[in-house]
Amino acid sequence: MPLIETRALTKQYPGVMALNALDISVEPGVIGLVGANGAGKSTLIKILLGLLPPTRGTASVLDMDVRTEGRAIRDLVGYMPEHDCLPPDLSATEFVAHLAQVSGLPRVAARERTAETLRHVGLYEERYREMGGYSTGMKQRVKLAQALVHDPQLIFLDEPTNGLDPAGRDEMLDLVKRTGREFGIAVLMSSHLLGEIERVCDSLVVIDGGKLVRSGEVAEFTATLGSLEVEVEGDAAALAAALIERGFEARGEGFVAHVGLNGDDPYDAIRDCIVAMEMGLVRLEQRRQSLEDIFRPESAEAVRERV
């Protein structure tokens with residue numbers, strides 16, 4: 001059973017097509033939802049929560065229809081919104097415990113779960129302070145805690161590192177990773193930052209202009225490229241030139257040469273050229289691409305045409 005499934009899902013606002021016949025099928029795990037601002041990520045999450053009706057098409061979460069079973073979905077799903085939504089005059093304990101009770105936990109159980117969850121997100125010592133005095137990072141942790149407090153099967157995280165400095169971003173990503181992999185809670189994390197997705201997620205869905213660009217395992221996206229990285233003690237550009245003379249694709253800069261693997265096996269040629277040029281070999285490895293390698297140099301339309 002897919003964790004999330006949509007068929008021809010469409011959301012039309014006046015003058016704006018937020019989602020355009022979107023077809024996705026997502027299995028349990030830590031999933032990245034990738035797209036630029038305005039790509040339709042937040043709209044998709046709100047539809048999946050049953051908070052926003054689609055214009056056309058269907059969608060299901062945990063095998064429940066978003067049109068007719070929104071309340072049941074929200075009982076089993078946690079949601080961390082992108083924007084600040086915390087009452088400043090309440091403490092984290094009061095706020096999270098209240099939402100635990102709203103989700104159906106008895107009062108005593110809600111207080112117990114609140115203490116456990118705030119400890120998990122690193123706010124146990126600050127749990128009785130009014131949230132109006134919290135830093136941005138602390139507020140993000142409260143938002144994560146309220147999404148987790150009722151022990152959901154799935155959580156939606158909408159830009160969870162929004163507004164955080166690099167250290168706070170690292171800590172939040174570690175929390176997301178632990179939540180998904182140590183506690184067994186499925187995660188759908190929306191982000192426009194590819195590096196975050198690569199660090200945390202097992203699979204990803206890329207949307208642009210409300211349309212699906214590509215989906216799959218992160219490992220499939222970052223499969224080995226057809227090139228070798230050769231680090232030498234010497235002039236890598238000269239090594240590349242010697243390999244080009246032998247018929248190989250190569251380029252070099254500084255101490256690193258990149259050699260194509262599209263034709264004949266270049267390993268013997270690399271060895272022979274390094275020996276002939278009296279260079280030292282420091283490192284030779286097949287290069288893996290990052291998500292930035294895939295998407296940053298080209299538009300989403302170019303990616304769509306390629307795949």
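Two strands are taken to pair if DSSP finds at least two bridges between them. Helices (H or I, at least four residues) and strands (E, at least two) are DSSP runs, numbered from the N terminus. The structure is a predicted model, in which local features need pLDDT of at least 70, side-chain atom pairs count only at pLDDT 80 or more, and totals for chains, interfaces and linings use all residues. Residues are numbered from 1 along each chain as its sequence is written, and side-chain values use heavy atoms, with hydrogens and water left out.

The protein chain holds 12 helices and 14 strands. Its C-alpha trace spans about 75 × 45 × 35 Å along the principal axes. Two domains divide the chain: domain 1 (4-217) and domain 2 (227-287). Their bounds come from an automatic or database domain assignment. The C-alpha centres of domain 1 and domain 2 are 46 Å apart. Of the 307 residues in the chain, 46% are buried. Buried means under 20% relative accessible area, exposed over 50%, and partly exposed in between (1.4 Å probe, protein chains only). Contact means heavy atoms within 4.5 Å. Among contacts between residues at least 6 apart in sequence, 67% join residues at least 24 apart.

Six strands form an open sheet with mixed pairing, in the order β6-β7-β8-β3-β9-β10. β6 (77-80) and β10 (211-217) stand at the edges; each has a single partner strand, so one side of each lacks a neighbour in the sheet. From one strand to the next, the twist averages 15°. Strands of a sheet pair through backbone hydrogen bonds, either parallel or antiparallel. Strand β3 (residues 30-34) and β8 run parallel and are joined by five bridges. Ile31 has Leu188 in β8 as its bridge partner. Helix α1 (residues 41-48) packs on this sheet and touches β3, β6, β7 (154-158), β8 and β9 (203-208). The direction of α1 makes about 150° with that of β8. Helix α5 (residues 136-148) lies across β6 and β7, at about 165° to β6. Axes are lines fitted to C-alpha atoms, for helices over the stretch in contact, and angles run from 0 to 180 degrees between N-to-C directions.

Ser191 belongs to strand β8 (residues 186-191). Ser191 counts as buried because its relative accessibility is 0%. Its side chain makes a polar contact of 3.2 Å with the side chain of Glu196. A polar contact is a pair of N or O atoms within 3.5 Å; within protein, one must be able to donate a hydrogen and the other to accept it, and residues adjacent in sequence count only if both atoms are side-chain atoms. Beyond four places in sequence, the contacts of Ser191 include Leu33, Lys41 and Glu159.

Leu48 lies in helix α1. With 0% relative accessibility, Leu48 also counts as buried. Leu48 and Phe156 are 108 residues apart in sequence, yet 9.3 Å apart in space, C-alpha to C-alpha.

In soluble globular proteins, nonpolar side chains tend to be buried together. A nonpolar core is a set of buried Ala, Val, Leu, Ile, Met, Phe, Trp, Tyr and Cys residues joined through side-chain atoms within 4.5 Å. The largest core has 41 residues, and Leu144, Met189 and Leu204 are among those with the most contacts inside it. Helix α5 gives the most to this core, with six residues. Another core, of 28 residues, lies apart from it and includes Leu33, Ala39, Val66 and Ile73.
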